[in-house]
Amino acid sequence: MEPFRISVADDVLDDLRARLVRSRFTTPSASGWDAGTDPAYLRSLVEYWAHGFDWRAAEARLNAYPQFLHRGQHFVHVRRDSSRSPVLLAHGWPSSFLEMLPLVDLLDVDVVVPSLPGFLFSDLVEGPLTRAAIAESFHTTMTEALGYERYFAFGGDIGGAASGWLATMYPEEVAGLHVIHGPFPADFDSPPVTPQEQAFLDADAERDEWDAGYSWIMTTRPDTVAAALVDSPAGLAAWIIDKLRAWSDCGGDLERRFDRDTLCTILTLYWATGCIGTSFRQYLDWRQNAKRPTITVPVAVTQTSESPFELFPRSIAERAASDVRQYSAPGRGGHFLAFEEPQLIADELGAFMRSVG
């Protein structure tokens with residue numbers, strides 16, 4: 001295990017700025033954000049990224065959190081109370097460890113925040129990047145690198161699914177699982193699907209009709225789109241902020257949840273590491289995921305308010321997990337709930353960990 005500090009070279013920043021000032025912007029296809037990222041907003045953000053954003057200040061803020069590398073896995077590790085079980089906080093896409101830092105500041109236990117394999121400073125794992133492979137990498141960090149014998153896992157999106165695999169692969173070591181997207185069962189064969197469950201499944205399918213294009217591209221032609229995004233910071237920004245706005249609880253105002261410095265920090269991390277293509281790998285390898293067994297460790301769910309998860313019923317989580325101890329749907333906070341509502345998550349996660357012991 002080696003200490004790690006973020007240090008983006010000056011020539012990388014100079015090249016980024018030069019590319020930003022030469023950016024070209026598309027003619028709008030519709031009004032505002034109706035056809036994707038609003039070109040007028042993107043132009044404004046790119047101008048700020050080039051001329052108003054202070055990366056060195058952002059870099060210093062990130063480096064205030066102790067970071068390490070172990071076997072190509074990057075992670076933040078903050079020690080607070082080693083007499084209690086620590087917690088691993090796992091992010092999703094299009095995100096980074098930065099998403100979890102506001103939550104880190106509020107917790108009173110040891111906290112570990114890994115970068116997903118292929119994201120930022122973490123190498124890809126060998127073989128397909130399945131949820132189980134991600135879980136194995138996380139478990140190695142928690143046990144082999146850090147020496148923890150028992151820990152909690154928290155996450156959403158990819159990180160939540162990988163944490164679910166952690167709970168099934170290592171039930172003796174994982175004390176409990178807390179997710180913001182209720183876990184799915186391997187199937188819905190028995191008992192029969194309820195009306196509430198069917199309403200969610202229908203809404204999920206409907207959402208795919210208008211929001212699955214990015215996923216199909218990243219699943220079937222990741223290298224094609226990555227070639228454009230790794231070469232154009234404006235294109236990279238458009239691809240990422242489209243989802244930050246669509247999936248967060250921002251009411252259409254992206255900067256209500258992500259201020260410009262935060263947006264530019266996220267984008268610079270992706271740009272400087274050139275990781276956008278490898279962040280797509282888990283989409284390409286999606287079909288190689290096995291069906292996850294039933295989760296038997298204690299589970300807590302704090303359901304996001306993003307569509308269609310505001311319709312997600314507790315009964316689906318209970319199909320996937322045999323010991324759902326805590327379930328809430330607070331009605332605020334979206335896909336990036338730990339960043340959007342860190343105090344809410346800190347309270348619910350803290351209560352869950354104390355109840356399990």
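1. H11 runs over residues 260-273; helices (H or I, at least four residues) and strands (E, at least two) are DSSP runs numbered from the N terminus.

2. The model is predicted: local features need pLDDT of at least 70 and side-chain atom pairs pLDDT 80 or more, while totals for chains, interfaces and linings use all residues. Residues are numbered from 1 along each chain as its sequence is written, and side-chain values use heavy atoms, with hydrogens and water left out.

3. The two ends of H11 each show a local feature. At its start, a side-chain oxygen of Asp259 comes to within 3.2 Å of the backbone nitrogen of Asp261. Just after the helix, Gly274 has a positive phi of about 60 degrees.

4. Thr302 belongs to strand E8, residues 299-302. Thr302 counts as buried because its relative accessibility is 0%. Its side chain makes a polar contact of 2.8 Å with the side chain of His178; such a contact is a pair of N or O atoms within 3.5 Å, one able to donate a hydrogen and the other to accept it, and residues adjacent in sequence count only if both atoms are side-chain atoms. Leaving aside residues up to four places away in sequence, Thr302 touches (heavy atoms within 4.5 Å) His178, Val179, Ile180, Ser328, Pro330, Leu337, Ile345 and Glu348.

5. The largest pocket has a volume of about 1400 Å³. On a 1 Å grid over the protein atoms alone, a pocket is an open set of points with protein on both sides within 12 Å along at least five of seven lines, a cavity is a set where a 1.4 Å probe fits but cannot get out, and lining residues have an atom within 4 Å of a point. Of the 37 residues lining this pocket, Arg131, Phe184, Asp204, Arg207 and Trp286 lie nearest its centre. H6, with 6 residues, gives the most to the lining; E7, H7, H8 and H13 are also among the elements supplying at least two residues each. The lining comprises 18 nonpolar, 9 polar and 10 charged residues.

6. The second largest pocket, of about 640 Å³, has 30 lining residues, and Thr26, Leu42, Ala234, Gly235 and Ala238 are those nearest its centre. H10 (233-247) contributes at least two residues, as do H2 (39-51) and H9 (222-229). The share of H10, 7 residues, is the largest. By class, there are 14 nonpolar, 9 polar and 7 charged residues.

7. The whole structure holds 2 cavities of 30 Å³ or more. The largest contains about 60 Å³ of space, and its lining includes Ile266 together with Leu244, Phe258, Phe336 and Phe339.

Notes
Points joined across faces, edges and corners; volume = space filled by probe spheres on them. Nonpolar A, V, L, I, M, F, W, Y, C, P; charged D, E, K, R; others polar. Buried < 20%, exposed > 50% of the residue type's maximum accessible area, 1.4 Å probe, protein only. Expected span 1.5 Å × (residues − 1).
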